[in-house]
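User: I would like to go through this complex one element at a time. Please keep the answers brisk.

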Amino acid sequence: MAGTAVRGRLTWQVATVAGLTRETPSVCTIELEPPDWAGHRAGQHLDVRLTAEDGYRAERSYSIASAPGERLSITVERLDDGEVSPYLTDELQVGDELELRGPIGGYFVWEPGDGSPLMLLAGGSGVVPLRCILRERVRTGSDVPARLLYSARTLPDVIYRGELGQHHDGVEVSYTLTRDHPPGWTGHTGRINADLLADTAWPAAANPVAYVCGPTSFVETAAAALVGLGYPPERVKTERFGATGGP
Amino acid sequence: MEPLDGNAIGGLLIDVFGAEMTGVVGTCGYCGDTGPVAGLVVYRQAPGTVARCRVCGNIVMVFVKVRGTTCVDLMGMASLGQPGAA
């Protein structure tokens, strides 16, 4: 029966696509209007389900990009051999319907009441839940100091670049470009490693909490380096996505 | 296909357990490693979902959906904490 979802159960629902924003040539933010959304916590994700005409279904998880209280949105990177993401980034139109369920996740979640300095490490589209955390920090008036280190292939691959450049008041954003960098680039270059984190991460003595999101190899390297710097493993929250898309 | 981690099966785990489980701490029945479900190595290819211990690589959870019923094998888990206690 409509509207009688059992508490503690996730129900698939049909949301309307309310807006599309091209972030980079391969990345798109999709604003969604689900009929029933109880709100989410910063860092959570949702599941999207596509059903083909023959009944074949493909399901993927995508991190929520919007802060709680804002219009729900996800940011999706196209994977050229993907079953779901090319449709979402290239074919979806405003007004289309999309089947989803959520919010999901209780581990990779930031609560605004947490006073610990935030160390955010993003690999590629792993920046999406971290952007949500930074927006939630602003929205709730939190004054915890935050650092974001964002690893991208090239500068044009950086998602939310304009928005991230506007963060002030206790937020430091730095980039490392792994493949190519523009002439005169003064940021970091190369893949994330222990030396780079020793220079950029909060010292463990500041009792920071870290959120690391990206491809598996990025997360493994970054998380191990933070633990090597003295971060307790339980203070390093990780979320890995493979070649199948988010979260 | 590169594996995901336990965060990616948060929705599936709510289907099975009726509660958010990614922050729940489990113990591997093979090597004794303990950690949140979110840290498991997860393969989601059909016909089922397999979660392996990140330390020893053994299979700790299997979920297979057969005609609308999800079959669950947790034989590789020595313990799994209470939802909400994480």
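Predicted model: local features only at pLDDT ≥ 70, side-chain atom pairs only at ≥ 80, totals over all residues.

User: Which elements do the buried residues of H5(A) pack against?
Analyst: A residue is buried if 20 or more other C-beta atoms lie within 10 Å of its own, exposed if 12 or fewer, and partly exposed in between, with C-beta atoms placed from the backbone. The buried residues of H5(A) include Phe218(A), Val219(A) and Leu226(A). Contact requires C-beta atoms, placed from the backbone, within 7 Å. The packing partners in chain A are E7, E8, helix H4 (194-200), E11 and E12.

User: At what angle does H5(A) run to E11(A)?
Analyst: Helices (H or I, at least four residues) and strands (E, at least two) are DSSP runs, numbered from the N terminus. Axes are lines fitted to C-alpha atoms, for helices over the stretch in contact, and angles run from 0 to 180 degrees between N-to-C directions. H5(A) (residues 216-228) lies across E7, E8, E11 and E12 of chain A. Its angle to E11(A) is about 155°.

User: Which strands stand at the edges of the parallel sheet in chain A?
Analyst: Two strands pair if DSSP finds at least two bridges between them. Six strands form this open sheet, in the order E10-E9-E8-E7-E11-E12. Two of them have a single partner strand each, so one side of each is left without a neighbour in the sheet. They are E10 (188-189) and E12 (236-241) of chain A.

User: Which residue stands opposite Leu177(A)?
Analyst: Strand E9 (residues 171-177) of chain A pairs with E10(A) in the parallel sense, over two bridges. The residue opposite Leu177(A) lies in E10(A) and is Thr189(A).

User: Which residue takes a positive phi in the hairpin of E3(A) and E4(A)?
Analyst: E3 (residues 45-51) and E4 (residues 57-63) of chain A pair in the antiparallel sense over seven bridges. Leu46(A) has Tyr62(A) as its bridge partner. Five residues sit between the strands. The positive phi, near 95°, belongs to Gly55(A).

User: Which element gives the most to the side of chain B that touches chain A?
Analyst: The contact takes 20 residues from chain B and 20 residues from chain A. On the chain B side, strand E1 (4-5) and helix H1 (10-17) give two or more residues each. With four residues, the top contributor is H1(B).

User: What ipTM does the predictor give the complex?
Analyst: The predictor gives a pTM of 0.94. The ipTM is 0.91.

How values were computed
Residues numbered from 1 in each chain as written. Chains lettered and ligands numbered in written order. Contact = placed C-beta atoms within 7 Å.
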